[in-house]
2 protein chains.
Amino acid sequence: MKKIFTILAAATLAAASLNAQELTNFAFGRKPIISPEVKNDSVTFRLKADYATQVSLYGSWMPGYFDKIDLKRGENNVWSVKIAAPDPEIYTYNFIVDGTAVSDPNNVLMQRDGTRYLSMLLIDGERSENYKEANQRGTVTHMWYDSNILGLNRRLTVYTPYGYETNKKAKYPVLYLLHGAGGDEEAWTSMGRAAQILDNLIEKGLAKPMIVVMPNGNPGQQAACTLNLPAKDINWRDPAFANVYVKSLCEEIVPFIEKNFRVNAKPESRAIAGLSMGGGHTISASTLYPELFDYICPLSAAGGMTVDQVKALKKAGVKLYWIGCGKADFLFEGSNKLDAVLTEGGLEHTYFVNEGGHVWYNWRQYLNIFAQLLFK
Amino acid sequence: MKKIFTILAAATLAAASLNAQELTNFAFGRKPIISPEVKNDSVTFRLKADYATQVSLYGSWMPGYFDKIDLKRGENNVWSVKIAAPDPEIYTYNFIVDGTAVSDPNNVLMQRDGTRYLSMLLIDGERSENYKEANQRGTVTHMWYDSNILGLNRRLTVYTPYGYETNKKAKYPVLYLLHGAGGDEEAWTSMGRAAQILDNLIEKGLAKPMIVVMPNGNPGQQAACTLNLPAKDINWRDPAFANVYVKSLCEEIVPFIEKNFRVNAKPESRAIAGLSMGGGHTISASTLYPELFDYICPLSAAGGMTVDQVKALKKAGVKLYWIGCGKADFLFEGSNKLDAVLTEGGLEHTYFVNEGGHVWYNWRQYLNIFAQLLFK
């Protein structure tokens with residue numbers, strides 16, 4: 001042991017908590033491995049895997065769920081593959097080493113998608129411009145609210161725009177931004193880049209400064225990733241629990257936010273949007289509480305509405321109804337039906353249809369578009 | 001592709017963004033793999049690795065840096081090993097699959113330690129009690145401050161205790177809590193469990209309600225894990241940049257916090273503590289600004305002080321000087337010297353020495369102890 005400590009002490013404090021493999025790399029001065037390397041419209045992925053027999057790569061830009069690309073073993077057992085860069089976007093990827101999914105140990109940028117940690121790849125370009133850090137950045141807060149309806153103390157994420165702390169008299173509109181099944185209160189800030197998108201849009205004058213509230217939409221869950229807060233058995237698909245979460249959102253979260261932040265507590269300053277399950281929550285919230293939100297944006301969603309419910313919304317004076325869905329989304333038909341019933345009920349709305357499926361690079365794009373239309 | 005979408009649609013929305021391997025597990029109803037499983041004083045680790053030739057485990061409870069335990073291949077290529085549970089604590093671990101470090105894909109609990117993502121293992125017990133969620137939980141905020149000294153807009157993390165939002169007239173003392181080299185503004189909330197420790201101590205009445213500020217101590221870094229905020233070439237070991245970060249901390253961060261939060265802006269309500277490099281920052285800040293902090297806690301730190309500097313601190317009326325270091329820490333000798341010069345300068349202080357080295361399970365324990373002594 002003594003020798004190891006000597007190496008460590010002589011080198012740098014930063015090395016102090018390396019594990020065996022890293023210590024070996026570190027102590028013997030191996031060249032750092034660069035992965036992913038984006039250069040001249042190509043991306044090279046590299047992974048050191050000394051004893052592997054097969055290393056492959058799965059990336060979210062690949063069209064099929066079973067697609068993968070094989071890496072080739074090179075010098076020092078560094079496996080690599082060079083591909084043509086996909087279109088500008090943020091993608092996720094992982095390696096598969098002898099059958100086991102592995103995130104890229106040389107890439108510190110990760111996103112958590114539900115229970116999975118995925119390495120991130122940024123391809124620069126117009127479409128991904130607003131996913132990067134703006135010059136003026138807002139604040140992201142994780143706090144807890146009491147839900148009497150659900151009988152739980154629950155975590156939520158709040159984005160306040162740049163200037164919120166200094167413009168002490170300003171009051172802000174609020175977007176309630178909901179995740180899908182499998183997501184949680186960190187989904188929109190991690191996978192969704194919501195803080196960066198809003199920062200960029202606001203800095204460019206394309207969106208109004210607004211607060212964004214991202215609650216946890218799994219009604220039994222107190223928070224994501226805790227050591228000891230058990231989930232309650234509240235299944236959102238069980239009719240016995242129909243709308244309990246939506247009730248908590250509208251009757252508890254909205255008042256909680258309006259009490260704790262400087263907010264315009266009026267329908268014209270409230271928007272609701274959500275993807276997939278959160279799109280369902282968006283539809284339910286707007287039909288159960290037609291007076292509450294003037295801006296309604298279900299994304300990749302399939303939710304039932306009656307013509308009467310549409311008429312009630314119209315009567316309540318909804319200012320924007322914006323649907324987004326990809327043609328390859330397995331909920332595309334559901335979105336088409338939503339579009340049809342809105343038309344039948346005579347509610348003016350936008351139906352934004354693009355390529356692609358039930359994926360984050362669509363949802364980020366939708367937020368980037370509809371956020372520019374809110375509170376105007 | 002059609003068949004896959006049918007399986008997905010028929011099953012659950014939660015499955016919508018599964019990758020190939022997971023989709024296979026999911027669609028064909030394989031039993032979920034439980035890892036780690038803590039049961040009757042044992043822990044079982046499991047990993048499905050279809051084509052691996054060797055799977056082993058490295059855990060932070062193992063005494064040597066090169067220690068590891070081999071897993072054995074079982075049914076369906078699920079590899080496993082059962083070990084006696086280590087003492088109560090939070091540990092980190094990873095698998096090594098054919099030479100490549102892999103976090104546990106069946107364990108959603110991860111901590112980021114600098115550039116590495118490590119799976120978490122909780123062993124319940126008195127020592128780890130305060131690392132779990134308390135009943136009353138504070139708020140964790142990520143915000144940005146302008147540093148003219150460093151020429152950067154930089155991210156910091158702020159913990160405000162339970163009740164901060166509702167007790168609108170209360171003013172709070174502030175602990176500035178600094179990380180080590182290789183860490184960043186998320187180190188103390190991720191590896192350090194600072195929010196949980198403070199929540200528990202405050203709820204039990206063992207610590208005063210306080211704000212905890214966790215800045216980024218790498219002076220060239222704007223923030224951890226961003227896509228596009230390059231680091232400036234400010235090396236804290238370069239004498240040309242001596243104390244620039246400490247100056248920014250004391251002259252910019254302290255005023256920023258005292259402007260934006262309800263704070264007692266007095267020395268008796270300011271504490272500073274830090275580990276390793278952050279312990280050095282703690283020592284520098286307290287010697288350069290002897291009037292600023294009445295509570296000073298360098299952890300696993302080696303920093304030079306002169307007897308005159310100690311006397312100046314004593315004159316300034318320091319209320320607590322608390323050193324923590326493990327006997328196996330490679331900075332133990334440095335801490336001994338610090339203890340000696342404090343004694344020579346006649347400054348009353350506590351030197352807490354325990355087992356173990358330069359590791360997070362010591363730093364969490366130190367925070368758990370010294371936080372009880374602050375502002376009393």
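This is a predicted model: local features need pLDDT of at least 70, side-chain atom pairs count only at pLDDT 80 or more; totals for chains, interfaces and linings use all residues.

Me: How many strands form the open sheet of chain A, and in what order?

Reply: Strands (E, at least two residues) and helices (H or I, at least four) are DSSP runs numbered from the N terminus, and two strands pair if DSSP finds at least two bridges between them. In chain A, four strands form an open sheet in the order β1-β2-β6-β5, with antiparallel pairing. At the edges stand β1 (37-39) and β5 (72-73) of chain A, each with a single partner strand, so one side of each lacks a neighbour in the sheet. Within this sheet, β2 (residues 42-48) and β6 (residues 78-84) of chain A pair over seven bridges, and Lys48(A) has Val78(A) of β6(A) as its bridge partner.

Me: In chain B, which strands pair with β2(B)?

Reply: Strand β1 (residues 37-39) of chain B is joined to β2(B) by three bridges, in the antiparallel sense, and Lys39(B) is partnered by Ser42(B). The hairpin of these strands has two residues between them, and Asn40(B) takes a positive phi near 45 degrees there.

Me: Is β2(B) largely enclosed or open?

Reply: Burial is judged from relative accessible area: buried means under 20%, exposed over 50%, and partly exposed in between (1.4 Å probe, protein chains only). Six of the seven residues of β2(B) (residues 42-48) are buried, so this strand is largely enclosed by the rest of the structure.

Me: Which strands of the two chains are joined by bridges?

Reply: Strand β11 (residues 139-147) of chain A and β11(B) run antiparallel and are joined by three bridges. Val140(A) stands opposite His142(B) in β11(B). Within chain B, β11(B) pairs with β12(B) in the antiparallel sense over nine bridges, with Thr141(B) opposite Val158(B). Their hairpin has four residues between the strands, and Gly151(B) takes a positive phi near 65 degrees in it. Eight of the nine residues of β11(B) (residues 139-147) are buried, so the strand is largely enclosed by the rest of the structure.

Me: What does Thr160(B) touch?

Reply: Contact means heavy atoms within 4.5 Å. Thr160(B) lies in β12 (residues 152-160) of chain B and is buried, with a relative accessible area of 3%. Not counting residues up to four places away in sequence, Thr160(B) touches Gly138(B), Thr139(B), Glu165(B), Ile211(B) and Phe261(B).

Me: How is the span of helix α8(B) read?

Reply: The expected span is 1.5 Å times one less than the number of residues. Helix α8 (residues 332-344) of chain B has 13 residues and reaches 18 Å from its first C-alpha to its last, close to the 18 Å expected. Its buried residues are Phe332(B), Gly334(B), Ser335(B), Leu338(B), Val341(B) and Leu342(B). Among the elements covering them are α6 (277-288) and β18 (350-354) of chain B. After α8(B) comes Gly346(B), with a positive phi near 80 degrees.

Me: At what angle do the axes of α5(B) and α6(B) cross?

Reply: Axes are lines fitted to C-alpha atoms, for helices over the stretch in contact, and angles run from 0 to 180 degrees between N-to-C directions. The axes of α5 (residues 244-260) of chain B and α6(B) come within 10 Å and cross at roughly 65 degrees. The contact is made by Tyr245(B), Val246(B) and Cys250(B) of α5(B) and His281(B), Ser284(B), Ala285(B) and Leu288(B) of α6(B).

Methods. Residues are numbered from 1 along each chain as its sequence is written. Chains are lettered from A and ligands numbered from 1 in the order in which they are written. Side-chain values use heavy atoms; hydrogens and water are left out.
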